[in-house]
Amino acid sequence: MPEELRADYVVVGAGSAGCVVAARLSADPRNRVVLLEAGGDDRPTKNLPQFMSNLMIHVPVGYARNLKNPQVNWNYETDPDPSCAGRVYSWPRGKVLGGSSSLNAMLYVRGQHADYDGWRQLGCAGWGWDDVKPYFLRAEHQERGASDNHAVGGPLNVSDITEPHAVSDAVVAACESAGIPRNADINGADQEGAGYYQLTVKNGQRCSTAVAYLHPAMSRPNLKVETDALAQRVVFDGSRAVGVEYIQGGERRIVRADREVILCGGAVNSPQLLQLSGVGPGALLAEHGIAVVKDLPGVGENLQDHYLIPMTWRLKAGVISVNELTKGARFLGEALKYVFQRKGLLTLSAAHIAAFCKSRPDLAAPDIQFHILPATTDTSGVGEGGAMELEDKPGLTIAPCQVRPESRGHIRIKSPDPAVHPSILANYLSDPLDQEVALAGIRWGRKIAAQPALAPYIDHEMLPGPALATDPALLMFSRMAGQTLYHPVGSCQMGSGPNAVVDAELRVHGVSGLRVVDASIMPRLVSGNTNAPTIMIAEKASDMILGKARAAALAA
């Protein structure tokens, strides 16, 4: 039998949250920390397929190559969605050091201040904007410099895009004439407006939480990182979590936790592991022959995700969009630019321009977010080869999503075998409000495209296409063409109600020695991309675990 590991803290999942938690807890040499990751290392390796996968992690545009790559990706698929004609959606989630921060589009978006005040109003004390802002700042190194809303010196590098684009500049001007003001900082005092996204990129390379937090900490003797370690269950002594059973190299192992087990698997893996461990809906666990440690009906419920509706336009002949930069001699030039200058195409994310606007003028804050890029995707490439390919002709994508959807889904195990992916039901557009906002987003997209600033560039609308003009037709288009924005949250929601899974200190209700620290604890989805908020959650949770947050509150 292999030697049994023992630690003060066992962290499960080296993703956007887990890397942060492991690094912060192990900063105190008195804390012994073991970090379990089901995937492999994100750094160079002698294995050629893994080497190429890892290379594509660190080159920013490489995210498009890893959308279905089993070397670094869980490759989840949803159940057929009854609200969208039975469609099955691919859900990429990171299975590598850095987790989904090693696969995502690197967009740095915090959300609205009111999102967090809303959490507090739902009973999550200590999670209002004034409470969480210091943790956004602690994480951040903002290349623009420090200000009231930004900080320098943190592990997570936040930078501007390396090169603007004429069509993207025109989009910002079009948004302004359409009624969406310019906004140079969507992470500032007010989110509403249009401007270039900022990225978690440093010196032309992805700044994942593995790069920012974990790698600098891995030389510490009190931190042990176990890769290719698939967690099987949390081990309980009565109602106290005392360790984690995992499979590594074909052998079953156990790591003991003298203080706490901390689940950082994300919105899919954390509820799955809780259910496999006997914490979840009692009837579901009994169905699979799992002994109930704690009947918690909310585990796996309250699932939320952003639903993106791609609208595309063909640009005029002679206009150079991103599409053409990926072909032939132009691509060679871009590759050389990246090698020698760390600029250009290979530093690109999935969107240039952010635009936040309201579906109705009476709203207090934006409820629509746009991801806009002078490029159009050949979607057949994702389905066949697993990588995103761009079209040959110049194109523009203006894609809206509702930032605070009302539709809810669930995560539920289908087997007591941890290797069997759980049931994922998203229920996109199942709520009438979500349908209304989807239509409003399409109307806004068309309004932006019709502005004079884009007239020199746009030739014609491709999707939805001018033939689709009625609300029923556009709603059907939304159901058939929409896609995940890769932001699942909420499946282990924080709070105190009957469906809450963790309390305001992220401790699992009804058991001891067990916390969940990741995007699954969000009671409601934030108004924007979820990586920066997840890192904030991990920063704040680390202080809670170490007792620093409580000490600061008492001192105040």
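This is a predicted model: local features need pLDDT of at least 70, side-chain atom pairs count only at pLDDT 80 or more; totals for chains, interfaces and linings use all residues.
The axes of helix 1 (residues 18-26) and helix 14 (residues 531-546) come within 9 Å, crossing at roughly 35°. The crossing is right-handed. On the helix 1 side, the residues in contact are Val20, Val21, Arg24 and Leu25, and they meet Ile535, Ala538, Glu539, Ser542, Ile545 and Leu546 of helix 14. Sorted by class, the contact between helix 1 and helix 14 has seven nonpolar residues, one polar residue and two charged residues.

Next, the cysteines. How many disulfides does the model hold? The count comes to zero disulfides, where a disulfide would need two cysteine sulfur atoms within 2.5 Å. Take Cys19: the closest cysteine sulfur, in Cys264, is 9.2 Å from its own sulfur, so the two are too far apart for a bond. Cys19 is also buried, at 0% relative accessibility.

Three strands form an open sheet in the order 5-6-8, and their pairing is mixed. Strand 5 (140-142) and strand 8 (198-199) are the edge strands, each pairing on one side only. Strand 6 (residues 156-160) runs antiparallel to strand 8, and two bridges join this pair. To find the place by eye, look for Asp160, which stands opposite Gln198 in strand 8.

Methods:
Residues are numbered from 1 along each chain as its sequence is written. Side-chain values use heavy atoms; hydrogens and water are left out. Buried means under 20% relative accessible area, exposed over 50%, partly exposed in between (1.4 Å probe, protein chains only). Axes are lines fitted to C-alpha atoms, for helices over the stretch in contact, and angles run from 0 to 180 degrees between N-to-C directions. Helices (H or I, at least four residues) and strands (E, at least two) are DSSP runs, numbered from the N terminus. A crossing is left-handed if the near helix is turned anticlockwise from the far one by less than a right angle, and right-handed if clockwise. Contact means heavy atoms within 4.5 Å. Ala, Val, Leu, Ile, Met, Phe, Trp, Tyr, Cys and Pro count as nonpolar, Asp, Glu, Lys and Arg as charged, and the others, Gly among them, as polar. Two strands pair if DSSP finds at least two bridges between them.
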